Amino acid sequence: MYSVKVYVTYKDSVLDPQGEAVKGAVHRLGFNEIQEIRIGKYFEIKVAKSSRPIGTIVEEICDKLLANVNMETYHYEIVEDA
């Protein structure tokens, strides 16, 4: 079995309104050093061993469901469980 961690965030060219709202709140708390905050999504997935490459499976899931590839980018980490 494999453990997969998937991180999805907006592309740099896409405005992140939720991140901007959090940045405004951080500034109101007095942390004016903060220049940018971006909000993303995090997924933990357990994948059974398969004849298909795990990376291919994860990329298909990300492309078809977890990320809007027009606006978001993703990266993932795969760890084989002991």
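Numbering starts from 1 along each chain as its sequence is written, and side-chain values use heavy atoms, with hydrogens and water left out. Since the model is predicted, local features need pLDDT of at least 70 and side-chain atom pairs count only at pLDDT 80 or more, while totals for chains, interfaces and linings use all residues.

Helices (H or I, at least four residues) and strands (E, at least two) are DSSP runs, numbered from the N terminus, and two strands pair if DSSP finds at least two bridges between them. Strand S1 (residues 2–10) runs antiparallel to S2, with 8 bridges joining them. S1 also pairs with strand S3 (residues 72–80), again in the antiparallel sense, over 9 bridges. Lys5 shows both pairings: its bridge partner in S2 is Glu44, and its bridge partner in S3 is Glu77.

Next come the charged side chains. Those of opposite charge can pair when their charged atoms come close. With a salt bridge taken as a side-chain nitrogen of Lys or Arg within 4 Å of a carboxyl oxygen of Asp or Glu, the whole structure holds 6 salt bridges. One of them links Lys23 and Glu20, whose closest N and O atoms are 3.4 Å apart. These two sit 3 residues apart in helix H1, so about one helical turn separates them. On the accessibility scale (buried under 20% relative accessible area, exposed over 50%, partly exposed in between; 1.4 Å probe, protein chains only), Lys23 is buried at 17%, whereas Glu20 is partly exposed at 38%.

Another salt bridge joins Lys49 to Glu80, at 2.8 Å from N to O. Lys49 lies in the loop between S2 and helix H2 (54–66) and Glu80 in strand S3, so the pair ties together parts that are 31 residues apart in sequence. Lys49 is exposed, at 54%, and Glu80 is partly exposed, at 45%.

Finally, Leu29, Phe31 and Ile34 make up a nonpolar surface patch with about 310 Å² of accessible area together. Patch members have over 30% relative accessible area and no salt bridge; like charges are joined within 9 Å, and nonpolar side chains (Val, Leu, Ile, Met, Phe, Trp, Tyr) within 5 Å. The areas come from the Shrake-Rupley method with a 1.4 Å probe, and for residues only the protein chains shown count as cover. Phe31 sits in the loop between helix H1 (17–28) and strand S2 (40–47), and is partly exposed, with a relative accessible area of 46%.
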